[in-house]
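Q: I want to learn to read backbone torsions in a model. Could you walk me through some cases?

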2 protein chains.
Amino acid sequence: MTDPTPETAELVLAGGEHVPGLLREVEALLGQEAASWGDPVGPWGEQTISAGGKRLRPLLLLLVAGAPAGPEGSARLVHAAAAIELIHSATLVHDDVLDDADLRRGKPTVHAEAGPQMATSTGDLLFARAFTLLTEIDDLFSVRELSEACSALARGELMQRQDAWDKAVAVDRYLERCRLKTAALFEAACAIGADAGGLEVEPMRDFGRRIGLAFQVLDDVLDVSGPPERTGKPRGTDILDGTVTLPLILALQSDVRLGEIDLKSITDPERAGRLCDRIEATGALELARESALAMVAEAKDRLPEGLGEDRRRALELVADGVVARYA
Amino acid sequence: MTDPTPETAELVLAGGEHVPGLLREVEALLGQEAASWGDPVGPWGEQTISAGGKRLRPLLLLLVAGAPAGPEGSARLVHAAAAIELIHSATLVHDDVLDDADLRRGKPTVHAEAGPQMATSTGDLLFARAFTLLTEIDDLFSVRELSEACSALARGELMQRQDAWDKAVAVDRYLERCRLKTAALFEAACAIGADAGGLEVEPMRDFGRRIGLAFQVLDDVLDVSGPPERTGKPRGTDILDGTVTLPLILALQSDVRLGEIDLKSITDPERAGRLCDRIEATGALELARESALAMVAEAKDRLPEGLGEDRRRALELVADGVVARYA
């Protein structure tokens, strides 16, 4: 991790002494990947991968798996963890094309610097390389999990596009969209970790789904609440994008006058910011944040027996972490 | 095949009596795929898949493999053939985003009907489903071949974008780009077919590369020669797109005054058509067509021993077919 946050550092330590070494191997493999692509992709790939944030999904996979047995076990974990990060990076690059985004984590996007064509192909390359990495260790289980997660991600994006500017979107449909576009990759990380670590897969997949949903709900809260200095983007980007999220859905239920607003008429950050204020005034942000916290609590409650004290503690920290951002 | 051309029908028959049945199973699996996606993707996926042309890559895979031994062998061929067609479809959908294309085979593109976002995600979904299909039959070999082909496709697109409007592109670099963006998928089809059919993989991969290159060179000739009534698109779309192909490279070598043209200044179909005429006048189209024919001849010459008469004959027909289009 190029720039671990304090929370991540705590997590890494809680996972056991094998975790820092494995994470370094994941970083090395990712760096090797990007370096092998040559011009002109190399720099874009490298930029995308190294802009990489917290490596939350690889870390989750490693924490669920526990200490590997021998070098083959390590290699499988490292490859699968790198593959999941490549897929996450691919979706970010494509999302930036979809959203016409110029900045990601405060840095220019591939889309902004090289155009939508370069960005589309860079994303495709990242997807493809993820699967090649998995074949290097004959890991058909992870190919299945990650290809299904990729389908879910694409379907989630398509659903979001279909629902754009639709104020009548129900909570259930919103949650299904979050499951597809965000939780599916958390589920895959947990399923692969469970398979590698000799745990029953479905209960861990369940854990992944719950914390993935909570992660997305909190993301949607932060988009409305800001502050921009912390989130790295102006408030209300979802609104400007036509993406109707839980805070707005809940606000619409308690403030009927909000229903009169034509979302398509909100085309500048200032008006979007004013709508954010109105959403906040209804108490919807608290409600949404509480529902994310409830999902996390349930995820922790339902962690299966037999994880061992260290692994359980580390996973509880991850679960808390997804809703503790900028709290 | 929804609409087999006479050449394809001949090929299907030449491949042996098992081929029509397997192709019908491939169609059924592709149809089932698209139907399973539901709204709003289903219709886009279906449209993309059923707009499908000649199913050349699945057919190539089946012809190389020969008659399968038993139902498991059949299932592997059918799944791998469907997967390769899904990947081909995915690249078409993404290419249309890259090229801002409105029509494909005379029908509106997903990009034109649903916008670049829907098209980007539809392509992502098609890619992902291809790999899921392969995991259904535990076919790690095909995952490796197709993920590497996908990397090549993306790199080819990136290279094309990097070389855009560059009149100094050398023939070697042009051919490398063709190998990446077109021949790699033919190579994969042949490699998977060879593996399934008990043939040595590398000689068949070689065959795939040669006919794939010839296919792309002829495509580039047709873009300059037209006629639009046969190709389904106006002449000179590559020129308008900034894509410098073999006909232009060869024409630049024999008509120095062509070197004075600023390719970026050619922004309308009429001017592009006039440049096509000038390219044609240099004899570059004949030269390029001859080089494609030579590649095909070499591909046929180097077909390995031990294929059996029927399989050899069928593959020779495929090879001839890639350069016989609109002859």
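Q: Where is B:P227 found in chain B?
A: Look at the helices on either side. In this predicted model, B:P227 sits in the loop between helix 9 (201-225) and helix 10 (228-231) of chain B.

Q: What is the state of the peptide bond from B:G226 to B:P227, cis or trans?
A: Start with the general idea. Most peptide bonds are trans. Now the case here. From B:G226 to B:P227 the bond is cis, and omega is near -5°.

Q: What does omega show for the bond from A:G226 to A:P227?
A: That bond is cis as well, with omega near 0°. Its proline, A:P227, lies in the loop of chain A that runs between helix 9 (201-225) and helix 10 (228-231).

Q: Now phi. What is the value near which phi of A:D138 lies?
A: General idea again. Most residues other than glycine have a negative phi. A:D138 is not glycine, yet its phi is positive, near 55°. Find A:D138 in the loop between helix 6 (110-136) and helix 7 (140-162) of chain A.

Q: Why does A:D138 count as partly exposed?
A: Count neighbours. A:D138 has 14, so A:D138 is partly exposed.

Q: Which loop of chain B holds B:W165?
A: The one between helix 7 (140-162) and helix 8 (171-197). Phi of B:W165 is near 60°, a positive value in a residue other than glycine. B:W165 counts as partly exposed because 14 C-beta neighbours lie inside 10 Å.

Conventions
Residues are numbered from 1 along each chain as its sequence is written. Chains are lettered from A and ligands numbered from 1 in the order in which they are written. This is a predicted model: local features need pLDDT of at least 70, side-chain atom pairs count only at pLDDT 80 or more; totals for chains, interfaces and linings use all residues. Helices (H or I, at least four residues) and strands (E, at least two) are DSSP runs, numbered from the N terminus. A residue is buried if 20 or more other C-beta atoms lie within 10 Å of its own, exposed if 12 or fewer, and partly exposed in between; C-beta atoms are placed from the backbone.
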